Amino acid sequence: MRINSSGKVSSVRIMDPPTGSSSEAYDYDLLVIGGGSGGLAVAKEAAGLRRKVLLLDLAAPSPRGTKRELGGSSLNTNSVRRFLQQASLLGKAIQDSQKYGWREKEQASHGWRELVEAVQQQVKTCSLELKKELKRCGVFYLNARAEIVAPHTVEVMDTNGSKRRVTAETLVIATGDSPQYLGVPGDREYCITSEDLLSLPHPPGRTLVVGGSAEGLESAGFLFGLGLPVTVMQQHDLLQGFDQKTAQKIENHMIVSGVKFLYHCSLTKVEQTEASSKEVVSDDSAATPQQFSNGGLRATIISKEGQTIQEDFDTVLLAIGRKATTDDIGLECVGVQRSQDTGRILANERDQTSVDHIYAIGSVQHGRPSTTGLSVHAGTLLARRLYRGDSTLCDYSNVPTVVLTPLEYAACGLSEEKANLTFGEANVEVYHSHYWPLEWELPGKNKNSCYVKVICHIPDHERVVGLHVMGPSAGDIVQGFAAAMKCGLTKEQLDATVGIHPGSAQVLTSLTQTQRMSEALMMRGNC
């Protein structure tokens, strides 16, 4: 394999896949390091193709001691994200239910401990089911740490500290990623990440969320939905990599709801103060006032102008991005090349690293999108190429993704900014519209909040290159259109599609207003 100066990996020669099991010179045909969604997928598929497979997974606990179960981010983070979003939405649904004729005998309140116990139990149950499934598939699984010590040799250290070495013909790195820390005084001692949120024995109280990432906005929305005061401190652009105009609409919706935002600030220190007892009330929540006894935290914040601000919070949650967990697994020992900036592994179109028999799957890859569904898909295809003779490569374009904010946002394809950069602004047409879900009309909520945007490449018969939805169940809506985009969906075909009434997705089949038209009308109105 050759890696050029830009960091891109050129094509490599791939040997024909074996027709039988590997030589007895190796203990295993395939050894997978990491038990996330991609690692599980490649291991199970390879075992189903009658290969001898070993999967090693021992994720270190977070600095706050939160244990990570088998399943990686897909189980420990992504599934939990949905549970937390649903908890927040149910609080709103209780309020809306009155317009539908429901009467409450007493005011509803939220029980933090009940939520924590239920979610933690569900995660443990799912992790146990995964272990049983691996056994049924014939995958050998060890809860152990792995380090590559030679091209085909991995040193295995179990939880008791005992070590042994095993060999495999092919290695797959699927160790995933973990939350980053700022590197300021007190961040590891006193701050938490989204992974630690449900390890708290009490409600988080007044919370500072540092970072405008998807994790940050999701956590802020969830906590605010439970009636807790939340402040979001942006470090960079909101939702980097997503459509920025849509991200601004999400921000506006959260601000109108009552979430506070701090701009052009940086966190420089977190320290503990005397224990505090605070009563937290939110008029925009179904939660009732609650007493929280928690060790108070003092955050030192520096503004863009250099002004120092100190503010007290009960919890400081860091959501500044994630770092690939590729350190200390021996990649340098065998020459696997990584990005110097991100630590993520450079891989070619076959998911192959700079070492021919070592592959990378999932969020450890540099410069590629990362979602649970994509990791499963890529892992399955890799196993089939290695052991079934298939040639299908994973398509890393038009990958649907979702942000589980209170007003859900899902997207597939290019953002408006990326489309303009790729094709030129004159060659891009953007169709858009606000809409009002029918179920929101009775409670009269947020009439102009929901939004759709379809981005088309004009010279290519207005082929749809980006689709964005902001509204209830946006992820489920975009999932279906993602399949159509894989088939080359055009605006004409979208217009010819019969919409389902009553339903929110039908708005995508009747878009006539372009962004150019909207901007022209605004210009006339200002004249």
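**Notes on the predicted model**

1. An open sheet is built from five strands in the order β8-β15-β9-β10-β11, with parallel pairing. Its edges are β8 (192-193) and β11 (260-262); each has a single partner strand, so one side of each is left without a neighbour in the sheet. Strands here are DSSP E runs of at least two residues, and helices are H or I runs of at least four residues, both numbered from the N terminus. Two strands pair if DSSP finds at least two bridges between them.

2. On provenance: this is a predicted model, in which local features need pLDDT of at least 70 and side-chain atom pairs count only at pLDDT 80 or more, while totals for chains, interfaces and linings use all residues. Residues are numbered from 1 along each chain as its sequence is written, and side-chain values use heavy atoms, with hydrogens and water left out.

3. Within the parallel sheet, β9 (residues 207-210) and β10 (residues 230-233) pair over four bridges. Val 210 stands opposite Met 233 of β10.

4. An antiparallel pairing over eight bridges joins β20 to β21 (residues 450-457). Ser 433 has Val 452 in β21 as its bridge partner. Strand β20 (residues 428-435) is largely enclosed by the rest of the structure, because six of its eight residues are buried. Buried means under 20% relative accessible area (1.4 Å probe, protein chains only).

5. Ser 375 lies in helix α8 (residues 372-387). This serine is buried, its relative accessible area being 7%. Leaving aside residues up to four places away in sequence, Ser 375 touches Ser 37, Gly 38, Ile 361, Gly 362 and Ser 363. Contact means heavy atoms within 4.5 Å.

6. Turning to the whole chain, there are twelve helices and 22 strands. The C-alpha trace spans about 75 × 65 × 50 Å along its principal axes.

7. Of the 527 residues, 49% count as buried. Among contacts with a separation of 6 or more, 65% come from residues 24 or more positions apart. The chain exposes about 25500 Å², and carbon and sulfur atoms supply 50% of that area; accessible areas come from the Shrake-Rupley method with a 1.4 Å probe.

Notes
Buried means under 20% relative accessible area, exposed over 50%, partly exposed in between (1.4 Å probe, protein chains only).
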